[in-house]
Amino acid sequence: MTGSFRESELSRYDRQILLFGEEGQERLKAAKIFIAGAGGLGCPVALYLAAAGVGEIRLADCDAVDRTNLNRQVLHWEKDLGRRKTDSAAEKLRLLNPDVRVTDLPATINEANAAALVGDADLIIDALDNFETRYLLNRVALAKGIPFIHGAIRGFDGQATTIIPGKTACLRCIFPRAPPAEVFPAVGVTAGIIGMIQANEAIKFLLGMDGLLAGRLLIWSGATTEMESLPVERHPDCQDCGAARRER
């Protein structure tokens with residue numbers, strides 16, 4: 001064993017350690033990540049963070065697996081129909097990497113429990129499908145000073161950004177009003193691409209790397225295979241992080 005790693009861990013993470021050393025791998029091992037949602041985005045995010053050796057993954061979702069989920073929610077299989085998504089996902093993640101602690105939280109995220117569910121996580125990852133809960137987690141992230149990685153998809157299109165409380169635009173700055181609620185079209189590859197971008201942002205943040213999507217909104221168009229990033233700025237009158245919040 002070298003440092004805090006067993007030989008099996010050094011073997012598992014060999015290609016990563018070539019990139020960022022045992023110190024970087026130790027940073028991943030020490031990290032606690034809260035993932036809100038075990039669906040189209042949450043599945044690839046959790047899958048790749050578990051494979052990378054993030055120490056603890058806290059996965060919150062209130063839904064059960066439905067057949068309509070199976071085109072994009074890659075941790076849920078035919079045999080899991082009717083199971084809680086957190087149970088289904090946690091089972092696969094533990095099989096993938098038994099060295100990662102997976103805490104499954106079968107709960108509806110709301111005003112009463114959001115802060116407790118997040119706890120002392122180092123990162124909050126938004127893998128949700130509705131903006132009201134996203135705004136709630138945005139406020140929790142701001143109150144706790146925890147970075148918040150947003151992702152969303154619709155059809156072949158997706159977006160992602162990394163929010164650093166007190167430094168970058170928050171989610172409400174970027175999206176002052178929620179888009180209309182809808183049952184939106186979704187293709188699995190879009191969820192996979194945006195989810196992996198979110199996981200990549202998480203790994204870079206934990207390693208202390210530059211180049212985050214902080215202050216930028218990444219836009220992906222799968223239909224044209226084009227990607228761009230747009231600058232986003234803090235809004236002084238934002239009701240979540242600006243003067244409007246301080247006056248309440």
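The model is predicted, so local features need pLDDT of at least 70 and side-chain atom pairs count only at pLDDT 80 or more, while totals for chains, interfaces and linings use all residues. Residues are numbered from 1 along each chain as its sequence is written, and side-chain values use heavy atoms, with hydrogens and water left out.

## Overall build

The secondary structure comes to nine helices and eight strands. Helices (H or I, at least four residues) and strands (E, at least two) are DSSP runs, numbered from the N terminus. The radius of gyration is 18 Å, close to the 18 Å that the globule rule gives for 248 residues, so the protein is as compact as a globular protein of that length. The radius is taken over C-alpha atoms, and the rule is 2.2 Å times the number of residues to the power 0.38. Along its principal axes, the C-alpha trace spans about 55 × 40 × 40 Å.

Of the 248 residues, 52% are buried. Here buried means under 20% relative accessible area, exposed means over 50%, and partly exposed lies in between (1.4 Å probe, protein chains only). The protein exposes about 11700 Å², and carbon and sulfur atoms supply 53% of this area. Accessible areas come from the Shrake-Rupley method with a 1.4 Å probe; for residues, only the protein chains shown count as cover.

A contact means heavy atoms within 4.5 Å. Among contacts between residues at least 6 apart in sequence, 63% join residues at least 24 apart.

## The nonpolar cores

In soluble globular proteins, nonpolar side chains tend to be buried together. A nonpolar core is a set of buried Ala, Val, Leu, Ile, Met, Phe, Trp, Tyr and Cys residues joined through side-chain atoms within 4.5 Å. The largest core holds 38 residues, of which I33, I35, L49 and I125 touch the most other members. At least two residues each come from β1, α3, β2, α4, β4, β5 (148–154), α8 and β7 (216–221). Helix α8 gives the most to this core, with eight residues. Another core, of 32 residues, lies apart from the largest one and includes F34, L128, V140 and A141.

Leaving aside neighbours within four places in sequence, I125 is in contact with I33, F34, I35, A36, V45, L49, I149, Q198 and A202.

## Helix α3

Helix α3 (residues 42–52) is mostly covered, with eight of its 11 residues buried. These are G42, C43, P44, V45, A46, L49, A50 and A52. They pack against α2 (14–30), β1 (32–36), β2 (56–60), α4 (85–96), β4 (123–126) and α8 (188–207). Just after α3, G53 takes a positive phi of about 95°.

## Q198 in helix α8

Q198 has its place in helix α8 and counts as buried, at 0% relative accessibility. A polar contact is a pair of N or O atoms within 3.5 Å; within protein, one must be able to donate a hydrogen and the other to accept it, and residues adjacent in sequence count only if both atoms are side-chain atoms. A polar atom of the Q198 side chain lies 2.9 Å from the backbone oxygen of D126. A polar atom of that side chain also lies 3.3 Å from the backbone oxygen of I149. Not counting residues up to four places away in sequence, Q198 touches L41, V45, I125, D126, I149, H150 and G151.

## Salt bridges

Side chains of opposite charge can pair when their charged atoms come close. A salt bridge is a side-chain nitrogen of Lys or Arg within 4 Å of a carboxyl oxygen of Asp or Glu. A search of the whole structure finds 20 salt bridges. The table lists some of them.

| Pair | N to O distance |
|---|---|
| R58 and D120 | 2.7 Å |
| R83 and D80 | 2.9 Å |
| K204 and E201 | 2.8 Å |

R58 lies in strand β2 and D120 in the loop between α5 (114–118) and β4, so this pair ties together parts that are 62 residues apart in sequence. R58 counts as buried at 11% relative accessibility, whereas D120 is partly exposed at 45%.

In the second pair, R83 is partly exposed at 26% relative accessibility, and D80 is buried at 0%.

K204 and E201 are three residues apart in helix α8, which separates them by about one helical turn. Both K204 and E201 are buried. Elsewhere, salt bridges that share partners join K32, E56, R58, R101 and D120 into one network.
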